[in-house]
Amino acid sequence: MPVQQARARDRQQRILSAAAKVFARRGYSDAAIDEIALTAGTSKGGLYFHFPGKEALLFALLDHTATLLMGKLRTAMDAETDPVAKATAALLVLLRTLGKHRTLARVFAIEALGAGPRFNQRMLVIQQQFEAVIQEQLDQAVADGVIEPIDTGVTAQAWVGILNAVLARWLLTPSPGRLEDLFPTLRLLLLRSVGAATDTVSAER
């Protein structure tokens, strides 16, 4: 990669990191471009050179985070063969990744809720992508006879909804423990919700 491109990419990442910090601290509505530029160590014009506005910054952060999560999720699932094990591996990697990126998680789960309909629609699309991954494994589990027939679409939505609720509580707690420490309880809850045998899937990774 040419030096100029590498520097531009590094600058973009620095701006995105600064935006995440300011969004988490101020909330999306009250975050100011001037403060983001200052935090990133660049000028306001330099920021606008890469991102035309605050909404573009938020969307870029969202896409970056979703890509990061999906990549880690696919890697974890590829290491398993059983569809139920794949689904629980996906749960664990989500908890671990969100736990390590608390600032980003707070931006999207808490601070950006008032960002408007375009952001809400983008969030819905990404959430549906994660639901589709879970549904795919539940469908396979039904086909393999591992679980009884069930509405896997609604079940996937419920699983993601539970995770969202747990994540929001963790983010709003001043001094929470590690998010991934909730995995054993969530694993049992979710497996029991589909009638899967809880003693055939390893609880540790």
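How much space lies in the largest pocket?

Analyst: About 700 Å³ of space lies in the largest pocket. A pocket is an open set of points on a 1 Å grid over the protein atoms alone, with protein on both sides within 12 Å along at least five of seven lines; a cavity is a set where a 1.4 Å probe fits but cannot get out; lining residues have an atom within 4 Å of a point. Volume is the space filled by probe spheres set on the points, which are joined across faces, edges and corners.

The model is predicted: local features need pLDDT of at least 70 and side-chain atom pairs pLDDT 80 or more, while totals for chains, interfaces and linings use all residues. Numbering runs from 1 along each chain as its sequence is written, and side-chain values use heavy atoms, without hydrogens or water.

Six helices each supply at least two lining residues: α4, α5 (83-100), α6 (102-111), α7 (117-143), α8 (152-172) and α9 (183-193). Helices here are DSSP runs (H or I, at least four residues), numbered from the N terminus. The largest share comes from α7, with 9 residues. By class, 29 lining residues are nonpolar, 4 are polar and none is charged. Ala, Val, Leu, Ile, Met, Phe, Trp, Tyr, Cys and Pro count as nonpolar, Asp, Glu, Lys and Arg as charged, and the others, Gly among them, as polar.

The second largest pocket holds about 170 Å³. Its lining has 10 residues, and those nearest the centre are Ala 76, Ala 89, Leu 92, Val 93 and Arg 96. Two or more lining residues come from each of α4 and α5. α5 gives the most, 6 residues.

The volume of the largest cavity is about 30 Å³. Thr 65, Leu 68, Leu 69, Thr 97, Leu 98, His 101, Leu 104 and Ala 105 line it. α4, α5 and α6 each give two or more of these residues. α4 contributes the most, with 3. The cavity lining divides into 5 nonpolar and 3 polar residues, with no charged ones.

α4 spans residues 54-78 and includes Lys 54. Beyond neighbours within four places in sequence, Lys 54 is in contact (heavy atoms within 4.5 Å) with Phe 23, Tyr 28, Ser 29, Ala 31 and Ile 33. The Lys 54 side chain reaches the backbone oxygen of Ser 29 at 3.3 Å. Ala 31 is 23 residues away along the chain, yet the two C-alpha atoms are 8.4 Å apart.

Val 125 belongs to α7. Val 125 counts as partly exposed because its relative accessibility is 34%. Buried means under 20%, exposed over 50%, and partly exposed lies in between (1.4 Å probe, protein chains only). From Val 125 to Phe 23 the C-alpha separation is 22 Å, across 102 residues of chain.

Last, Glu 35 sits in α2 (residues 33-40). With a relative accessible area of 18%, Glu 35 is buried. Past four places in sequence, Glu 35 is in contact with Val 22, Arg 25 and Arg 26.

Methods. A polar contact is a pair of N or O atoms within 3.5 Å; within protein, one must be able to donate a hydrogen and the other to accept it, and residues adjacent in sequence count only if both atoms are side-chain atoms.
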